[in-house]
Amino acid sequence: MTGTATETDTILEIRDLKKVYKVRRGGVQHELRAVNGISLSVARGETLGIVGESGCGKSTLARVLLGLTRADGGSVTLNGTDLLGRGRRAMAETRLNLRMVFQDPYASLNPRRSVGDSVAETGDIHRIFSGRRDRAARIGEALDRVGLGAGFASSYPHELSGGQRQRVGIARAILPEPELVIADEPVSALDVSIQAQVLNLLAELKARLGLTLMFISHDLGVVAKISDRVAVLYMGEVVEIAPARALFTDPRHPYTELLIDAIPRPDPAHRITGAIEADEPPSRIGAAQGCPFRDRCPRATDICAAEAPKLREVAPGRFVSCHHA
């Protein structure tokens, strides 16, 4: 099964997912394939890292999964329930079990609402509290779990640091006790030292609460610290999926090599030999046939221009979309 989790207990299954936008350029309408036939699965209790450059389709994928953007093809199931075919009300109920941690910890919080009210927002909407005492207790428990404490419930976002605000966002995500949390660039707006604290917190919550995480980032170094498996996206497509350790020690796709080579290292001599330069990716508008990476790839041959590679298993648990992998 292409790109599937190694565990048999699959919680999220994505099949041939597509999202296409119509754009006009030079008076001509073109298609922009933001998500172009992505197939992935996430096993219960694992952290799947989703990585790629800006514009590769990571955030669009997250928005489609949450029902914030309508898909143009494919299927998504959560615990066997079809998400794409659900109505607005049914999808809203699903979001109790599928939660999001956003990139900007300040913009994602209403500045006029207290921390406690923000954390309890989803619970209030879906009436999951049995009363005021239960509400206050659940808010305090969620804030305790993220290392803030119930005393922060009366604070407002402007009174908190960036790291504290992101902890509030995480508390809001875990309060309904979801099975899957999507974290979309959750540390990119934070200082490096605070990034490590938030990553450690997510790992602790995963272990303590049995969470399943989809961790989206453009920074492969950050993804390496938290992920069990990693899916690499390029121009709306999955080009490589592998266990995290295998991906970083033995990348099979040249684009993965590019991303790993871009990770800052104290010793420049540890760069991957022959890695390609980190130039700008080509436009996805009106893309020609063949491999979308061929114009940047040092291994490209005639077949790369003529035929798009398929995502195939090259080793147990390792999938690569490359003719020369």
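**A helix pair up close**

Modeller: Helices α6 and α7 cross in a right-handed way (the near helix is turned clockwise from the far one by less than a right angle; helices are DSSP runs of H or I, at least four residues, numbered from the N terminus). This is a predicted model, where local features need pLDDT of at least 70, side-chain atom pairs count only at pLDDT 80 or more, and totals for chains, interfaces and linings use all residues. Residues are numbered from 1 along each chain, and side-chain values use heavy atoms, without hydrogens or water.

Helix α6 covers residues 162–174 and α7 residues 192–209; their axes come within 10 Å and cross at roughly 20 degrees (lines fitted to C-alpha atoms over the stretch in contact, angles from 0 to 180 degrees between N-to-C directions). The two are therefore roughly parallel (under 35 degrees).

On the α6 side, Gly-163, Gln-166, Arg-167, Ile-170 and Ile-174 make the contact (heavy atoms within 4.5 Å). From α7 come Ile-194, Gln-197, Val-198, Leu-201, Leu-202, Leu-205 and Leu-209. By class, that gives 8 nonpolar, 3 polar and 1 charged residues, with Gly counted as polar.

As for the cysteines, the model has 0 disulfides (sulfur pairs within 2.5 Å). For Cys-56, the nearest cysteine sulfur belongs to Cys-291, 15 Å away; Cys-56 is buried at 3% relative accessible area (under 20%, 1.4 Å probe, protein chains only).

Definitions and conventions:
Buried means under 20% relative accessible area, exposed over 50%, partly exposed in between (1.4 Å probe, protein chains only). Angles under 35 degrees count as roughly parallel, over 145 as roughly antiparallel, 65 to 115 as roughly perpendicular and the rest as oblique.
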